[in-house]
Amino acid sequence: TLRKVPKLTDEYEEEELEEPDGKGDDKKPKMSKRKMKKLTRLSVAELKQLVGRPDVVEMHDVTARDPKLLVQLKAHRNTVPVPRHWCFKRKYLQGKRGIEKPPFDLPDFIKKTGIMEMRASLQEKEDQRTLKAKMRERARPKLGKIDIDYQKLHDAFFKWQTKPRLTIHGDLYYEGKEFETRLKEKKPGDLSQELRTALGMPVGPNAHKVPPPWLIAMQRYGPPPSYPNLKIPGLNAPIPEGCSFGYHAGGWGKPPVDESGKPLYGDVFGTSAPSTEANEVDEEVDKTAWGELESESEEESEEEEEEEGEE
């Protein structure tokens with residue numbers, strides 16, 4: 001005989017249950033566990049206020065069993081984050097399907113051995129062979145076709161080899177990471193040729209004599225607060241030689257000064273005297289060695305003199 005097994009309902013699949021109140025047709029609705037959890041769940045703003053590192057809080061962290069513990073584990077030092085594609089709808093690297101993959105490029109220290117030229121010449125000989133010669137070569141292959149100097153091979157791996165570029169601990173790859181701009185290689189104030197072309201600025205040896213388009217706004221509102229030590233010509237540093245202030249074409253605007261004509265942000269006119277510390281002459285210092293060890297003969301003579309004095 002078969003027995004009916006009672007169906008186990010999941011706590012997330014429970015529907016609203018209604019329980020009779022015992023007063024005839026009046027019924028009091030009972031809230032399901034899913035709705036109770038939604039009501040007692042913290043919001044993202046509340047969770048950020050409760051933890052010490054609100055910058056690691058994400059929108060799905062509030063659904064964890066212990067959100068505070070989860071955020072504490074994420075904020076711990078040297079913690080490797082979960083790859084961000086775990087919650088994506090599409091498959092991993094689906095967007096790179098149509099992108100052509102560049103061929104593998106040999107490192108420079110291997111190219112110096114001349115292996116690429118040897119393989120190219122060998123490939124040309126293979127293409128010139130007839131089908132009969134190719135079949136004969138396949139049946140009885142010959143070895144030692146590429147003869148490389150072993151000293152070059154040794155120097156390539158033990159003398160000229162360079163370390164490949166490695167990522168830091170916890171730096172995970174995600175789709176489109178290679179197309180992002182590496183900010184570590186950029187410096188504030190340095191304009192690349194692509195940016196100059198996009199802004200309509202000239203490119204060449206005298207390109208530094210043309211002011212950037214944001215100089216007028218900086219002279220009016222002040223230097224960027226994120227870079228207090230950045231020297232900007234026309235704002236807190238002197239302008240290049242041969243240039244002049246003004247609002248004409250190629251002019252460097254109006255220098256920011258106070259009521260008495262003094263610069264507000266730095267030496268914009270280049271009138272401050274250079275530091276005199278480097279020009280000061282060092283005082284004569286006795287540099288003779290004062291910790292020299294005495295020889296054994298001098299020590300013996302001193303001991304004899306002391307003994308004679310005691311007698």
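1. Is Phe 157 buried, partly exposed or exposed? Phe 157 is partly exposed, at 40% relative accessible area. Buried means under 20%, exposed over 50%, and partly exposed in between, with a 1.4 Å probe and protein chains only.

2. A note on the basis. The model is predicted: local features need pLDDT of at least 70, side-chain atom pairs count only at pLDDT 80 or more, and totals for chains, interfaces and linings use all residues. Residues are numbered from 1 along each chain as its sequence is written, and side-chain values use heavy atoms, leaving out hydrogens and water.

3. The aromatic pairs number two. Rings of Phe, Tyr and Trp (its six-membered ring) pair if their centres lie within 6.5 Å; planes under 30 degrees apart are stacked, over 60 edge-to-face, the rest tilted. Phe 109 and Phe 157 are edge-to-face because their planes stand at 80 degrees, with centres 5.9 Å apart. Phe 109 sits in helix H4 (residues 108-111) and Phe 157 in helix H7, so the pair ties together parts 48 residues apart in sequence. Helices here are DSSP runs (H or I, at least four residues), numbered from the N terminus. Phe 109 is buried, at 9%.

4. Phe 245 and Phe 269 also form an edge-to-face pair, 6.2 Å centre to centre and 70 degrees between planes. Phe 245 is partly exposed at 26%. Phe 269 is partly exposed at 39%.

5. Two charges sit over rings (NZ of Lys or CZ of Arg within 6 Å of the ring centre and within 35 degrees of the ring normal). Arg 84 has its charged end over Tyr 174, 3.9 Å from the ring centre. Lys 112 lies over the face of Trp 160, at 5.4 Å.

How values were computed: Helix = DSSP H or I, 4+ residues; strand = E, 2+ residues; numbered from the N terminus.
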